[in-house]
Amino acid sequence: MKLPVRIDWSKFGLPAAFFVMLIIFTVINPAFFSARNMIQTTRQGAILFLIVSGQTFALLARGIDLSQGSVMSLVSIATISSIYVLGAYAGSIAGILFGAMCGFINGMLIAFLGIPPILATLGMLFVVSGVELVYTGGVTLTNLSDIDQGRLFWFGGGMIGPVPVPVIFAIIIGFLLYYILKYTLFGRQIYLIGTNADASSLAGLPIKRVIVLVYTVSALLASLGAFFLTARLSMGFPQLGEAWLVLAIGGAVLGGTSVFGGKGGVWEALLGCLVIVFLDNGLIVSGVSTFAREAIIGVVIIVACLGSVIKRRV
Amino acid sequence: MKKKTAFLAGVLVICFALVFSLIGNTQVSAKQLEIAVLVPNGVDPYFTAKRYGYETECEKLGVKMLFYDAGGYANVNKQIGQLEDLMQRGIDGIILGATSAKGTVPVVDKIISKRIPLVIDNLDSFTKKPVLRIMKNGVLVGQLRAVYIVEHLKGKGTVLVLPGPSAVSLCQDEHRGFVTYAKHFPGIKVITEWTPSSPDAGMKTVEGILQAHPDLKAVACFSPPLTVGAVRAVQASGARKGDIIVVGQMLDAGMETLMRKGWLQATVMCDHIEMAREAVRMLVKEIKGELKPPLYHQIDHYLITKDTLDRFDRKGSTYPKEWRK
């Protein structure tokens with residue numbers, strides 16, 4: 001007997017797997033699907049979504065941004081340092097701009113000096129890590145004034161009605177990014193460059209300008225993620241972003257963004273980060289040990305990468 | 001005449017040789033000692049404070065100090081590379097806080113066999129060769145946390161232990177100390193989550209565990225970053241101050257604020273700045289051949305609560321605010 005409707009598993013496979021996963025974890029421990037757990041997990045997911053979206057931009061243009069983690073750490077330090085001087089709001093903006101500036105430099109190095117993205121962003125990773133450690137001397141920055149801490153904390157830990165503030169921001173930014181990629185010239189140019197850079201160049205596309213913008217956006221989104229995380233912790237931690245780079249690349253690839261460029265988008269970024277965040281949370285809530293948890297997440301990312309390679313061959 | 005001249009020339013040569021060798025020897029003994037300090041995770045406030053201790057003691061003794069940070073407990077290879085580079089450099093002595101107790105053994109064995117003076121400072125490397133050690137008593141630290149928590153929970157409740165990175169010997173000792181004490185109280189249920197020593201890891205883990213165990217009554221943390229992360233998760237859960245007891249490790253400015261505000265109930269301290277100073281003194285004595293046994297130096301620990309916060313002697317554990325600015 002044939003099914004009346006043919007399901008495109010390449011499109012709906014991951015969402016289906018995601019919902020099955022939600023059901024399994026809920027059966028194992030109903031607390032997984034509680035409102036409180038959903039709120040805190042989506043809060044974590046919102047931060048990861050921003051970072052994964054940034055990485056998606058770089059991957060779409062057939063590049064990669066390895067500096068995201070260290071840029072996050074820099075933003076954490078720059079934000080708190082700036083708040084000491086400028087107050088919560090201006091200081092936060094200054095911190096985020098510091099991070100975006102790193103992306104701009106990445107873009108310039110790649111577009112105008114012809115340094116491969118993997119090397120340019122790797123170099124930036126070391127430069128930024130070094131600079132922030134020299135600046136802080138490795139010291140964690142804390143002790144904001146109560147007023148500044150209250151204002152900052154709202155961005156990371158506050159709620160608007162039943163929804164965490166970072167989630168609201170992530171939704172707005174997500175729609176904006178979706179619009180940019182789908183309906184603007186800049187968005188289409190990213191896909192074209194990612195699909196075939198040589199042809200795009202021959203067609204007269206402003207490749208250099210697009211590349212600079214892509215890496216600026218990537219760093220800006222990582223900076224926003226770092227800002228919300230810093231706000232939540234109310235501290236500047238010089239290694240804040242260390243663990244996030246792997247999740248950013250993993251999330252983007254897991255969602256279906258191709259590591260070979262030109263395929264993917266915001267929806268894929270969202271899916272990827274939801275799977276990672278809920279998988280991690282579900283495993284904790286289900287009582288799976290730390291070591292097994294890391295192995296499971298690693299296997300899921302490898303399988304997703306394998307899927308990306310197989311799809312490309314087919 | 002010729003013989004006389006030759007004799008005089010010979011005497012002169014010998015005199016010159018003696019003078020030069022004396023000058024040479026004087027230069028060797030006056031040469032500034034150069035030592036290296038290697039830590040696994042320099043951004044941890046514990047190591048920041050210790051750096052102050054190393055720096056000030058080196059300054060006092062006229063020793064040049066090179067400081068190396070592995071950048072996290074996971075970077076075992078990086079630390080091994082740093083140690084190998086230092087061996088090539090011909091460093092006078094090394095103070096090591098190991099990223100991994102087992103992973104660093106081959107390189108530490110090599111250092112010992114090359115007779116480079118070495119002091120292992122708190123984070124052990126499981127070498128079987130004799131080496132100087134200055135250590136915290138990890139088991140006792142774990143037990144101090146357990147005693148405080150068990151007493152406040154009156155022997156009943158679910159406790160989360162965040163011992164930090166699993167490859168670190170001190171974390172294993174602290175965990176063992178906690179568990180061996182808590183097991184005498186059947187009403188205490190211990191959950192262990194090994195995590196990196198970062199605030200976001202601490203926060204995420206406590207948030208998850210709070211869902212799985214809404215009856216969670218206490219959290220014991222290995223490091224200041226984990227402690228701050230755990231407190232943030234407790235705050236976000238809607239719990240009131242003291243509903244969930246958090247016991248940390250060390251005390252930096254951020255933790256002190258949390259303790260004064262009532263979110264952090266206790267923290268286990270040691271005079272870690274004094275410990276760093278002692279490590280430098282031990283190493284310099286070893287380099288000069290002045291050190292006599294014991295080869296193992298252990299330091300004391302104490303527990304601080306909000307009530308004793310303003311009364312304990314901070315000399316050995318707090319660096320001046322103006323330092324590192």
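Tutor: One definition before we start: two residues are in contact if their C-beta atoms, placed from the backbone, lie within 7 Å. This is a predicted model, where local features need pLDDT of at least 70, side-chain atom pairs count only at pLDDT 80 or more, and totals for chains, interfaces and linings use all residues. Residues are numbered from 1 along each chain as its sequence is written, and chains are lettered from A and ligands numbered from 1 in the order in which they are written.

Student: Okay, what do the buried residues of α9(B) pack against?
Tutor: They pack against α8, β9 (245-249) and β10 (266-269) of chain B. Helices (H or I, at least four residues) and strands (E, at least two) are DSSP runs, numbered from the N terminus.

Student: And which residues in α9(B) are buried?
Tutor: G254(B), M255(B), L258(B) and M259(B) are. Buried means that 20 or more other C-beta atoms lie within 10 Å of a residue's own. Seen down the axis of α9(B), the buried residues fall within an arc of 135°, so they line one face of the helix. That arc is taken from the directions from the helix axis to the C-beta atoms.

Student: How do α8(B) and α9(B) cross?
Tutor: The axes of α8 (residues 224-236) and α9 (residues 253-260) of chain B come within 10 Å and cross at roughly 40°. Axes here are lines fitted to C-alpha atoms, for helices over the stretch in contact, with angles from 0 to 180 degrees between N-to-C directions. The two helices are therefore oblique to each other; angles under 35 degrees count as roughly parallel, over 145 as roughly antiparallel, 65 to 115 as roughly perpendicular and the rest as oblique.

Student: Which residues meet there?
Tutor: From α8(B), P224(B), T227(B), V228(B) and V231(B) meet G254(B), M255(B) and L258(B) of α9(B).

Student: Zooming out, how many helices and strands does chain B have?
Tutor: Chain B has 10 helices and 12 strands. Of its 325 residues, 50% count as buried.

Notes. A residue is buried if 20 or more other C-beta atoms lie within 10 Å of its own, exposed if 12 or fewer, and partly exposed in between; C-beta atoms are placed from the backbone.
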